[in-house]
Amino acid sequence: SASAWDGFPEERMNILNFIETNQTNNILFISGDSHVSMAADVAKNSSDSTLYNRNTGLGSLAVEFLPTSISRGNFDERG
């Protein structure tokens, strides 16, 4: 999607490189408009097990929270 992380791969990598290079900790991204609540690790390449461990979070550079919508229904309310 053009409005999600995958719509901005270069910009996403620039941000993650900045966080990693500057050894910045406790980064939290808050995003939304997905009509679902979710939390996830943010890693440079989450499919590369040498860079990111899904079980421990090792290699994650940040955490992303997607809060629920306020005025519209969520996916889990559709049955």
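What share of the contacts in the chain with a separation of 6 or more comes from residues 24 or more positions apart? The share is 59%, where a contact means heavy atoms within 4.5 Å.

Good morning, colleagues. The model before us is predicted, and local features need pLDDT of at least 70, side-chain atom pairs count only at pLDDT 80 or more, while totals for chains, interfaces and linings use all residues. Residues are numbered from 1 along each chain as its sequence is written, and side-chain values use heavy atoms, with hydrogens and water left out.

I begin with the overall layout. The chain contains one helix and three strands, and from the N terminus on these elements follow the pattern α-β-β-β. Helices (H or I, at least four residues) and strands (E, at least two) are DSSP runs, numbered from the N terminus. Of the 79 residues in the chain, 19% are buried; buried means under 20% relative accessible area, exposed over 50%, and partly exposed in between, with a 1.4 Å probe and protein chains only. The accessible surface of the chain is about 6,100 Å², and 52% of that surface belongs to carbon and sulfur atoms. Such areas come from the Shrake-Rupley method with a 1.4 Å probe, and for residues only the protein chains shown count as cover.

I turn to the sheet. Three strands form an open sheet in the order E1-E3-E2, with mixed pairing. Strand E1 (28-30) and strand E2 (38-42) are the edge strands, each pairing on one side only. Two strands are said to pair if DSSP finds at least two bridges between them. On average, neighbouring strands of this sheet are turned by 20 degrees against each other, direction ignored; the axes are lines fitted to C-alpha atoms, for helices over the stretch in contact, and angles run from 0 to 180 degrees between N-to-C directions. E1 and E3 pair in the parallel sense over three bridges, and Leu-28 stands opposite Val-63 in E3.

Leu-28 also belongs to a surface feature. Together with Ile-30 and Phe-65, Leu-28 forms a nonpolar patch with about 310 Å² of accessible area. Patches are made of residues with over 30% relative accessible area and no salt bridge, like charges being joined within 9 Å and nonpolar side chains (Val, Leu, Ile, Met, Phe, Trp, Tyr) within 5 Å. Phe-65 lies in strand E3 (residues 62-66). Why does Phe-65 count as partly exposed? Its relative accessibility is 38%.

The structure holds one salt bridge, defined as a side-chain nitrogen of Lys or Arg within 4 Å of a carboxyl oxygen of Asp or Glu. Here the side chains of Lys-44 and Glu-20 meet, at 2.5 Å from N to O. This pair links distant parts of the chain, since Lys-44 sits in the loop between E2 and E3 and Glu-20 in helix H1, 24 residues apart. Lys-44 is partly exposed, at 27% relative accessibility, and so is Glu-20, at 40%. Helix H1 (residues 9-21) also holds Ile-15, whose C-alpha atom is separated by 9.9 Å from that of Lys-44, 29 residues apart along the chain.

Finally, I consider the loop between H1 and E1. Most residues other than glycine have a negative phi. Gln-23, in this loop, has a positive phi of about 50 degrees. Asn-26, in the loop between H1 and E1, has a positive phi near 60 degrees. Gln-23 is exposed at 67% relative accessibility, and Asn-26 is exposed at 79%.
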